[in-house]
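User: I'm new to reading protein models, and I'd like to know what the labels rest on. Can we go through this one together?

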Amino acid sequence: MAIRKTNKLPQTAVLKQILKKCSSLGKKHDYNDEDGLPLDVPKGHFAVYVGENRTRYIIPISFLTHPEFQCLLRRAEEEFGFDHDMGITIPCEEVVFRSLTSMLR
């Protein structure tokens, strides 16, 4: 699935914004004082919140290159936007998210 072109920011700029936002998430989690990142998120990963209960998942940054995951991010942006304190919330059922991410690994 190709990413559609819009008058919005280029895809790389959007992905950088997403990663910047993800690196500042987890307010209820412990942070590393040096870089400000949550201690429970390994390097090369980021946190997303999925489903009705907003369950937190730690996923690899490499998922950002997969068209299926990019589709979820577009849906998240349309439904929730990326400018809020909760972090990136993926608008799908957890079972669907787990199924998709297991195929991407």
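User: What makes α2 and α3 a packed pair, and at what angle do they pack?

Analyst: This is a predicted model, and in it helix α2 (residues 67-79) and α3 pack at an angle of about 145°, with their axes 10 Å apart. On the α2 side the contact is made by E68, F69 and L72, and on the α3 side by F97, L100 and L104. Contact here means heavy atoms within 4.5 Å. Sorted by type, the residues of this contact come out as five nonpolar, no polar and one charged. Glu counts as charged, so E68 is the charged one.

User: F69 turned up there. Why is F69 called buried?

Analyst: Buried means under 20% relative accessible area. F69 has a value of 0%, so it is buried. F69 sits in helix α2, and leaving aside neighbours within four places in sequence, it is in contact with F46, I59, F63, L64, F97 and L104. As for I90, it is 21 residues from F69 in sequence, and their C-alpha atoms are 9.8 Å apart in space.

User: What makes a group of residues a nonpolar core, and which residues have the most contacts inside the largest one?

Analyst: A core needs buried residues of the nonpolar kind, joined through side-chain atoms within 4.5 Å. The largest one has 18 residues, and those with the most contacts inside it are V48, V50, I59, F69, L72, I90 and F97. The elements giving two or more residues to this core are β1, β2, α2 and α3, and α2 has the largest share, with four residues. Take V48 as an example: not counting residues up to four places away in sequence, V48 touches T55, R56, Y57, I59, I88, I90 and F97.

User: How do you know that β1 and β2 are paired, and which way do they run?

Analyst: Pairing takes at least two bridges. Strand β1 (residues 45-50) and strand β2 (residues 55-60) are joined by six, so they count as a pair, and they run antiparallel. Y49 stands opposite R56 in β2, while the β2 bridge partner of V50 is T55. The two strands form a hairpin with four residues between them, and G51 in the turn has a positive phi of about 80°.

User: What about β1 and β3: how many bridges do they have?

Analyst: Two, in the parallel sense. The cut-off is at least two, so β1 and β3 make a pair as well. Here Y49 stands opposite T89, and V50 stands opposite I90.

User: Why is the pairing in the sheet called mixed, and which strands are at the edges?

Analyst: The order in this open sheet is β2-β1-β3. Helix α3 (residues 94-104) lies across β1, β2 and β3, running at about 10° to β2.

User: What makes you say β1 is largely enclosed?

Analyst: Five of its six residues are buried, so the rest of the structure largely encloses β1. For the protein as a whole, buried residues make up 38% of the 105 residues.

User: How do you know which parts of the model are predicted with confidence?

Analyst: You look at pLDDT, the predictor's confidence in each residue, from 0 to 100. The mean for the protein is 76, and 60% of its residues reach 70 or more. Confidence is highest in β2, at 94, and lowest in helix α1 (residues 11-23), at a mean of 59. Over residues 24-28 pLDDT stays under 50, and the model has 13 contacts for that stretch beyond four places in sequence.

User: And what pattern does the protein follow along the sequence?

Analyst: Reading along, you get α-β-β-α-β-α, which comes to three helices and three strands. Among contacts between residues at least 6 apart in sequence, 50% join residues at least 24 apart.

Notes. Residues numbered from 1 in each chain as written. Heavy atoms only, no water. Axes fitted to C-alpha atoms, helices over the stretch in contact; angles between N-to-C directions. Buried < 20%, exposed > 50% of the residue type's maximum accessible area, 1.4 Å probe, protein only.
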